[in-house]
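Me: Hi! Could you walk me through this one in plain words?
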Amino acid sequence: MNTETTNTDCKIVTFILGHQTFGIDMTALIEIREWENPTPLPNVPGFIKGVTNLRGNVIPVVGLAERLGWEPSAIHARSCILVVNILGKQAGFLVDEVNDIVAINRSEIQPAPEVETIESSVIDGLVRITTRAKDGTRDENGTMVLLLDLDALSLTKHLDLAA
Amino acid sequence: MSDELDEIQAIFFEECTEGLVTAEQGLSAMQGGDVSAETIAGVFRAVHSIKGGAGAFGHADLTAFAHKFENVLDEVRGGKIAPTPGVVKVMLASFDLLSDHVEAAKGLAGRPNDAAALAALEKVLVERGAGDGAPAAAPVAAPAAAPAPAPAAAEDDFGFTPVLVSLDDFEAPSSASSDGAWVIRFKPSQAALANAGEPLLIIRELETLGATIEAVDVTTVPPLRDLDPENAYFTWTLSMPADVPENDIRDCFDFVAPDSVIEIERARTESAADPFDFAPISAPAAEADEMGFVPVSALIENFDANIDQVVQAIANAGAALAAAPPPAPATEAAATPKAVEAAQTIRVDLAKLDLLLNLVGELVIRNSILADRLSPADRQRVELPELARLTRQIQDNVMSLRAQPIKQAFSRVPRMLRDLSVETGKTINLETSGETTEVDKGVIEKIGDPLTHMIRNAADHGLESAQERIAAGKEPAGTIWLSAEQKGARIFVRVRDNGRGINRERVRAKAIEKGIISADAQLTNEEIDQLICAPGFSTAETISNISGRGVGMDVVRSNVEALGGRIEITSVPGEGTTFTMVLPLTLAILDGMIVRLASQRFVLPLTHVLETVQPEPGQVKRTSPDTEVIDMRGEYVPVKRAVDIFGLNDDRAIEESLVVIVESEGHGKVGLVVDTIDDRREVVIKSLDQNLHPIRGLGGATILGDGSIALILDIEALVAASATRFTPKGLAA
């Protein structure tokens, strides 16, 4: 959307929630871990699945699908936790599957239409990426990726209101 | 640069704080009758370095006040003013103002009104002269620089009062004129700039004293290609009016790099021919008589040491003049270098220590995870116990880094008691012990207020007036014992008085009157004693301004409990009361009971746990569809289940569960139904708000030996929330 910063390439991590492909800025990613049941917390909104131990740090685990207003993710073998840094705080996102790391050009990002989810503002924009199909050939049609604005998820702010 | 300066200034303020503590301890000791040279010199040095630093950072008000204070201290140090209680009182008041000035310099407070204190100090200075029977002495002080600190001190240390007398004799010539203006040669260390010893600041400071730059030697500046812009090359020659005391000039050089060259000497004039003119003023002048002007030009490796040299030189000169035998080594001269050696410390940001402590906590946890994963046979191998032992040692050491002697918290008590003595008209003795007990810095910072309340309480309520004491057959003076000791992972801080003890009848009557207990409540003596910690309780018949506003003891209790500690009260009528604060050694580690609530593990802070019971059938009774009580030996204690607290599902029968009786401040006892008790261990507290935000009902989280997380229950919040029930969200699963 911002035309001033159009030319910088950036890398995104793509992952799947339900049937949608989402992407977050690679620089926010700390690590990807296998799903393991977090310790549930009392008195927090439902999308906070609990807390887990990340190398001695106690970090919240967020059901990202629920946070975005989709059906809650079911836990399966490929479920994993994307650990991200949001404004200095760490959080883990439960996602259905992590796909790939892709370089995109900021100029290719299109604005998301309004009223996409409960709060449309959490979607930074839409971008089309070409993905490798299972057989290694290129999927020429490409896939639409919903880019998440992590800061706008306002995880802690939201929680503060709920508390 | 300005950042660097800020940093240095921050260090200066830290040093100010330390200096103030030292000064207060010294002044308190002086008021307690310890007027030894070391004590006085300690106070002097503390105020002196505050002044020096304040000057360098341009805190004019602070400098001016410290200067005046220092003058008085110096006279006391020199034995010219006797440290009578009156004088010490003035100094204590001045100390308070000095603290206020430091606060003002920090920008935390406005400039204090120091006019009265300055006047009081001035009065002490002036009266000193009258007291000596030598009125001329006072005028000498300012213009002639004659009683400049070093000589004065030296005279005292070496017992050369005759020098002072001779000073009066030579008053006229020494204060006379521009004769003997100072010539100062200053060559900063090459590394001065790198060591933040900016010569410009020193030159400016000298200029404020009236110095003018006579010459700058630039011959030492190397050719451009060899020039290191970080080095200092110039040598300055300055002249200073004769009436500036030498020590004021020396003070400007307090913080220069050690290998700087500083020469301060009297310019030679006709009147210098009079051999006695300079004799009492400085060492070089004294030497000049005999050796023909030898300037003091010592490398300043250690300014104190240098002063000692000067002191020694003066002593020698004095000896020559008075034809007395050489003096014995001065005690101060011997003590100063030792003190410097002992203070081999570095300053470390507290946050770094916290991080270190956290990391070590992790190490401990990983250790036990490792042990859990190994087969029992492997566990017994020497490496693992060794690793565990080393880890434990590291942990102890890191904890000890944060540990400080509790003396810091105790040091303000003597002074407080003196004030209380005056206010209450009671004579109070204080006996302290265990001041060297080391406690986590965080704990020390937080026990100050509770301690103050407890001392005030003991002085105001505990101790009787002298008449009452005599009537009861006791000594008229009451005594308060303040002690600290470590037992295991706990620190016991006791405040004991030999006063009247708690009047249980009155406490009980008051509690009933205030509606804290019901009129027919059956209470044990201990329970009645505990009532004085209940919110809104105050038995003082008249509300004094010392204690008795009814906020004291419950604040003490909540403060102490916030630290994970508890208060114990024992009282014997007619013999006295003892308040004991039982505190954890550290705030980062908590002694916890690990329990399961609806299969999930939680940590209960052990300080809140009173007892655990396995309920008999019928012992737990329902009082409403939602509320239950447990019959504890006739006392009905409300019972909370996991579902009440967190909405966790738990269909376990009460008889299969355990009830942990916990006690909270203000809400009494509550029984917590738990599945089992897993363990009792020390846990490292991890805050939830680091990555999330604080959650009501939880005091944080900890990582257990298997790497999983257990939540720490906040008993206070849980019990308080029992009235307004939690609305469980998100834990339906």
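Reply: Happy to. One term to start: a residue is buried if 20 or more other C-beta atoms lie within 10 Å of its own, exposed if 12 or fewer, and partly exposed in between, with C-beta atoms placed from the backbone. This is a predicted model, where local features need pLDDT of at least 70 and side-chain atom pairs count only at pLDDT 80 or more, while totals for chains, interfaces and linings use all residues. Residues are numbered from 1 along each chain as its sequence is written, and chains are lettered from A and ligands numbered from 1 in the order in which they are written.

Me: Thanks! So is His48(B) buried or exposed?
Reply: His48(B) has 23 other C-beta atoms within 10 Å, so it is buried. It is found in helix α2 of chain B, residues 37-56. Helices (H or I, at least four residues) and strands (E, at least two) are DSSP runs, numbered from the N terminus.

Me: What does UniProt place at His48(B)?
Reply: The unreviewed UniProt entry gives "modified residue: Phosphohistidine" there. UniProt positions are given in the numbering used here, feature names are shortened, and annotations may be inferred rather than shown by experiment.

Me: And chain B overall, how many helices and strands?
Reply: Chain B has 26 helices and 22 strands. Buried residues make up 40% of its 733 residues. Among contacts in chain B with a separation of 6 or more, 69% are between residues 24 or more positions apart; two residues are in contact if their C-beta atoms, placed from the backbone, lie within 7 Å.

Me: Let's do sheets. In what order do the strands of the four-strand one in chain B come?
Reply: The order is β2-β3-β1-β4, an open sheet with antiparallel pairing. Two strands pair if DSSP finds at least two bridges between them. At the edges stand β2 and β4 (261-266) of chain B, each with a single partner strand, so one side of each has no neighbour in the sheet. The twist averages 15 degrees from one strand to the next; axes are lines fitted to C-alpha atoms, for helices over the stretch in contact, and angles run from 0 to 180 degrees between N-to-C directions.

Me: Switching to helices: where is the kink in α20(B)?
Reply: At Ile447(B), about 40 degrees, shortly before the proline Pro450(B). The bend at a residue is the angle between axes fitted to the seven residues ending there and the seven starting there.

Me: How far apart are the end C-alpha atoms of that helix, α20 of chain B?
Reply: They are 30 Å apart, which agrees with the 32 Å that its 22 residues (441-462) should span at 1.5 Å a residue. The expected span is 1.5 Å times one less than the number of residues.
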